[in-house]
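This note sets out points for a colleague who is reviewing the model shown below.

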Amino acid sequence: MPPRSEDPRRDATGSRRGSSRGSEPREPGLGGISDARAYTPRGRTVREGGGAEQRRTPRSTRSGDPFRPALQVLDGGRAGRAGTREPAGDGARTGRRAGVVRTVSSRPVREPFDDEEDAPPPRRRPQPRRPAAQPRRPVRKPRRPPRLGDPRRRLRLGTLLALTLFASIGVRLVYLQTVDTPAYADGGLPKRLAVVELPAPRGAILDRNGEPLAHSVEARYVFADPTRVKDRFATARLLSPLLGVPASDLAEKMRQRTLPGTDTPLQFVYLARGVEISTAKKIMALDLAGINVHRDERREVPGGDLAANLIGFVSPDMYGLEGLEAKYDEVLRGQAGKRTYEVGQGDLAAPIPGGYSRTTQPKPGSSLQLTVDRDLQFMTQRILAKQTEKVKGSVGAAVIIEIPSGEVLAQASQPTYDAANPTKVTSPSDRDDAATTFVVDPGSIHKAITFGAALQEGVITPDTAFPVANTIERGGVTFRDTHPVDGRTLSIPGMLAFSSNVGTIEIGEKLGKERLFDYQKRFGLGQVTGEGMPGEAAGRLLPPDQWSGSAYGSVPIGHSVDATPLQMAAAYAAIANNGTYVQPHLVKETIGADGERSPAATPTTRSVLSPANAAALRRMMEAVTTVDGPEGRATGLAAAVPGYRVAGKTGTGLRYDNGKQQPGEVGSFIGMAPAENPRYVVAVFVWSPGGGGGAVAAPAFREMMGFTLRHYRVPPSLTNKSPKFEVFPR
């Protein structure tokens, strides 16, 4: 490439010529034309110099050369500038505009777009003279432009980095979702889980005919969050009439407090349990801040105090606390279920659709069907309450057993209570089942056991008779008869009718303490019956090796012996059942939630007396309710049931509490009817601190046995009347 020529338009100082700075010297003959090209109308190039020069004014140029505006190119398109002066001595004309010199070459005209190689090389323009006085200014080379980066490299590099990032994220996601999924899911799951308990309905307690004695109904409990209650006093006044709780008690419950031993505020407190659903709806309609309700269960006892001492009661959380509710709590309570599910956070604390959810269905408790007859239980309680009211401060117990099954048809206690409100009692002992916890010296009703053992062992026969004194002394203790016969010969029926202590002691001595003790155990004394009631007392027997001298007189007539009313009733049931002891029992069967019935365990049985001896003993015991004449009146005439033969025995004993003898006495009567073929045994015990229990026990028996026979439509003993007994045989 030829060296770049110096710009002839610049002087030695580098300033452009033709500027407003004034005239500058120029080469002669150039006419102020710089190194530029002028194009012919055909596009040919003409170099300046050599040819004839023409000078035109701008006006003549426009008129003489029509192609000039399009073809002239001279330093930006102008030949000169106005006011540019030609240097002196070069023939330049001052005061005139420099004309445009156009040189036309003599070369053949070339068409435009011909090869550039055919174009003549440009002529070098002669360098202008410069003044010697001014030093030549070096020409600066233009600054080389910076080298731009290759955008394709940056694009490829960025793409590679992006792909690498996405690939690593993808690999990590696949790893998390396949390999570590269980670990991460299980790790965070507990924080998102909500557990709701699904309570299992408690089973019912039914009578022998399927009628409910106690059952559960759906209810609601009302609770408060003390931290959210705005005005606890105003809230209490609104809730008090609905809940039946004093407003002062409710306000105290809603008082803000902290959990014991912590600074955490208490946020839950029960206001009421077992609230009816209709009442709960009214409470929710009030829209009270901090007050809410939730599903609950309430134990309902349709009969109130009906069999309350048997049934017992439950806690607000449906756990059995006393009676059969406590003894069979695991059977009745069932198993609660639960629902576990994922919930959101904050305002989204609701089940997450498609999230973790597992529900364990509750298993309702089984129902308990008793042997108790609801109607008979009601009448037994009513009769017992009426009779015990006649004796101040008395405690009563009554048991009715079916023969031969040994099922307990009724078991009443007095006093009693409302099982729906167990706390409203005068004393906690009012809730006791007297038939199984009332420990007494049975007294004369024990004589049936002594006579039965003597018959079975052959010590006596139904025809046995011997003289009976008015008193007898054993171990320094004198025992007397309440009906003295002054040493006359007395038959066995007479001894039973007049309840002779002296005659019974003499028969006991002939029987012996070992055999008497053995028959006491056979008849079920000294051990729990296993009827089904919790807290049943076992009683106590005096072993033969512990007998003192007076024991030979006290034990045969029922003293120095501790027994419960139920134990004595079961012993008489053995006599009524032809000498076979059958364990008394209250539970007939259990009924599962699916309706499947499971009979209760078969009661234990054992032979105590032969059927003949049992029948003979029953016949002799009829004298207690029939002997009435000039020779004397039997002790149990008040227990006779019109139209039926009754065999039984009266008794007067003592009560012991925690091993201490209590004041007063225990009057009792145990009998069976019809005596020729017993169907039921009724036992009545009444204790009074001031005495008089015996005066009400026999009448209570008569009413209870009469209702029982009529209730079950037992035919009267019209054609088979009681025998005539010879009390004083000759």
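The numbered points below concern a predicted model.

1. Overall composition. The protein chain contains 21 helices and 27 strands. Of its 730 residues, 44% count as buried. Among contacts in the chain with a separation of 6 or more, 72% are accounted for by residues 24 or more positions apart.

2. Largest nonpolar core. The largest nonpolar core comprises 128 residues. Within this core, the residues with the most contacts are Phe523, Met568, Tyr572 and Val684. Helix α18, spanning residues 565-576, supplies the largest share of the core, namely ten residues.

3. Surroundings of Met568. Which residues are in contact with methionine 568, leaving aside neighbours within four places in sequence? They are Pro442, Ile445, His446, Ile449, Leu525, Ala563, Ile670 and Phe685. Methionine 568 is also one of the residues with the most contacts inside the largest core.

4. Second core. A separate nonpolar core of 19 residues is also present. Its members include Ala224, Val229, Ala236 and Ala280.

5. Packing of α5 and α7. Two packed helices are described by the angle between their axes and the distance between the axes. For helix α5 (residues 232-243) and helix α7 (residues 277-286), the angle is about 165 degrees and the axes lie 10 Å apart. Because angles over 145 degrees count as roughly antiparallel, α5 and α7 are roughly antiparallel to each other. Their crossing is right-handed.

6. Contact residues of α5 and α7. On the α5 side, Leu238, Leu239, Leu242 and Leu243 take part, and they meet Thr279, Lys282, Ile283 and Leu286 of α7. By class, this contact consists of six nonpolar residues, one polar and one charged.

7. Packing of α13 and α15. Helix α13 (residues 447-456) packs with helix α15 (residues 501-511) at an angle of about 40 degrees, and their axes are 10 Å apart. That angle makes α13 oblique to α15. The crossing of α13 and α15 is left-handed.

8. Contact residues of α13 and α15. Which residues of α13 meet α15? Lys447, Thr450, Phe451, Ala453 and Ala454 do so, and their partners in α15 are Asn501, Thr504, Ile507, Gly508 and Leu511. The contact divides into five nonpolar, four polar and one charged residues.

9. Handedness of the two pairs.

Note on methods. Residues numbered from 1 in each chain as written. Predicted model: local features only at pLDDT ≥ 70, side-chain atom pairs only at ≥ 80, totals over all residues. Heavy atoms only, no water. Axes fitted to C-alpha atoms, helices over the stretch in contact; angles between N-to-C directions. Helix = DSSP H or I, 4+ residues; strand = E, 2+ residues; numbered from the N terminus. Parallel < 35°, antiparallel > 145°, perpendicular 65-115°, else oblique. Left-handed = near helix turned anticlockwise from the far one by under 90°. Contact = heavy atoms within 4.5 Å. Nonpolar A, V, L, I, M, F, W, Y, C, P; charged D, E, K, R; others polar. Core = buried A, V, L, I, M, F, W, Y, C linked by side-chain atoms within 4.5 Å. Buried < 20%, exposed > 50% of the residue type's maximum accessible area, 1.4 Å probe, protein only.
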